[in-house]
Amino acid sequence: MNYELIRKNTNYIKFKVRNRKIIVIAPFGMPYELIEKYIQKFKEKFKKEINDFKIAYLLDKEPLSEILYLGKKYTLKLEKSITEISIKDNLIVIPIVKEDINTSLLNWYKKRAEDILLGFCKKWEKILNINSKKIRLKLMKTRWGSCNYNKRYINLNIELLTKTMDFIDYVVLHEYAHIFHPNHSKEFYDFIRLYKPNYEIIIKTQR
Ligand SMILES: [Zn+2]
């Protein structure tokens with residue numbers, strides 16, 4: 001992750017992350033070597049936050065070279081002779097079309113989300129013998145999903161597509177479980193364990 005250095009009349013060095021870039025605000029007199037050291041420390045400490053791939057990055061215009069899909073990292077490759085996005089080994093191959101790469105990839109993720117996320121919803125509705133009234137798939141900033149248990153609305157984050165199938169399955173079950181147990185009570189987790197005994201391991205491996 002690259003950075004932008006801004007010098008200011010300040011006493012301390014400060015860091016911000018914006019649009020996949022680290023903004024470093026450093027005092028006028030601070031030597032460059034020292035700034036570099038602080039940046040390395042910052043990068044080490046916030047490794048996960050700054051390197052984590054987000055589908056939302058596709059909303060930026062900046063092109064990506066790598067991407068996560070179902071827990072696996074892929075390299076992006078452009079190709080003229082194809083018409084649809086496809087996966088080949090470690091590559092996601094994208095046709096060169098009129099719309100920009102990020103937009104076509106984002107649309108691809110949205111379509112995959114409908115297939116995969118709604119598929120898991122169907123699965124759990126059948127097993128738990130309940131119906132949701134509405135399922136919304138969207139890009140969310142802070143949560144994998146949410147549930148309005150009174151209205152039986154389920155919201156799922158499209159970012160889930162960067163995670164493994166196991167984790168997605170758990171999150172969908174988690175949201176449906178809220179229809180039975182609104183809070184994260186002991187009963188709630190007993191309920192989850194009943195249907196997914198290894199749920200704790202699944203959560204841990206995602207961190
Ligand atoms: Zn919850």
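A residue is called buried if 20 or more other C-beta atoms lie within 10 Å of its own, exposed if 12 or fewer do, and partly exposed in between, with C-beta atoms placed from the backbone. By that rule, 14% of the 207 residues of the protein chain count as buried. This is a predicted model, in which local features need pLDDT of at least 70 and side-chain atom pairs count only at pLDDT 80 or more, while totals for chains, interfaces and linings use all residues. Residues are numbered from 1 along each chain as its sequence is written.

**Overall shape**

- The protein chain has six helices and ten strands. Helices (H or I, at least four residues) and strands (E, at least two) are DSSP runs, numbered from the N terminus.
- The radius of gyration of the protein chain is 21 Å, whereas a compact globule of 207 residues would have one near 17 Å. This radius is taken over C-alpha atoms, and the globule rule is 2.2 Å times the number of residues to the power 0.38.
- Along the principal axes, the C-alpha atoms of the protein chain fill a box of roughly 65 × 50 × 30 Å.
- Of the contacts in the protein chain between residues at least 6 apart in sequence, 39% join residues at least 24 apart. Two residues are in contact if their C-beta atoms, placed from the backbone, lie within 7 Å.

**The sheet of β1, β2 and β3**

- Three strands form an open sheet in the order β1-β3-β2, with mixed pairing. Its edge strands, each pairing on one side only, are β1 (3–8) and β2 (14–18). The twist from one strand to the next averages 20°.
- Two strands pair if DSSP finds at least two bridges between them. Six bridges link β1 and β3 in the parallel sense, and Glu 4 stands opposite Ile 23 in β3.
- β2 and β3 (residues 21–27) run antiparallel and are joined by five bridges. Phe 15 stands opposite Val 24 in β3.
- Helix α1 (residues 32–45) lies across β1, β2 and β3, and runs at about 140° to β3. For such angles, axes are lines fitted to C-alpha atoms, for helices over the stretch in contact, and the values run from 0 to 180 degrees between N-to-C directions.

**The sheet of β8, β9 and β10**

- A three-stranded open sheet has the order β8-β10-β9 and mixed pairing. β8 (134–138) and β9 are the edge strands, each pairing on one side only. Neighbouring strands of this sheet are turned by 15° against each other on average, direction ignored.
- β8 and β10 run parallel and are joined by five bridges. The bridge partner of Lys 138 is Asn 157 in β10.
- α3 packs on this sheet, touching β8 and β10, and its direction makes about 145° with that of β8. α4 also packs on the sheet, touching β9 and β10, and its direction makes about 20° with that of β9.

**The largest nonpolar core**

- A nonpolar core is a set of buried Ala, Val, Leu, Ile, Met, Phe, Trp, Tyr and Cys residues joined through C-beta atoms within 7 Å.
- The largest one has 21 residues, of which Leu 117, Leu 156, Leu 160, Ile 168 and Val 172 touch the most other members. At least two residues of this core come from each of α3 (101–128), β10 (153–157) and α4 (165–180).
- Apart from neighbours within four places in sequence, Leu 160 is in contact with Leu 117, Trp 144, Ile 168 and Val 171.

**Helix α4 and His 174**

- The 16 residues of α4 should span 22 Å at 1.5 Å a residue, and this agrees with the 23 Å between its end C-alpha atoms. The expected span is 1.5 Å times one less than the number of residues.
- The buried residues of α4 include Ile 168, Asp 169, Tyr 170 and Val 171. Among the elements that cover its buried residues are α3, β9 (145–148), β10, α5 (186–195) and α6 (199–205).
- His 174 is in helix α4, and this residue is buried because 22 other C-beta atoms lie within 10 Å. Leaving aside neighbours within four places in sequence, His 174 is in contact with Gly 145 and Ile 192.
- His 174 and Trp 124 are 50 residues apart along the chain, with 10.0 Å between their C-alpha atoms.

**Lys 77 in β5**

- Lys 77 is in strand β5 (residues 72–79). Lys 77 is exposed because it has 12 other C-beta atoms within 10 Å.
- Not counting residues up to four places away in sequence, Lys 77 touches Leu 91, Val 93 and Ile 94.
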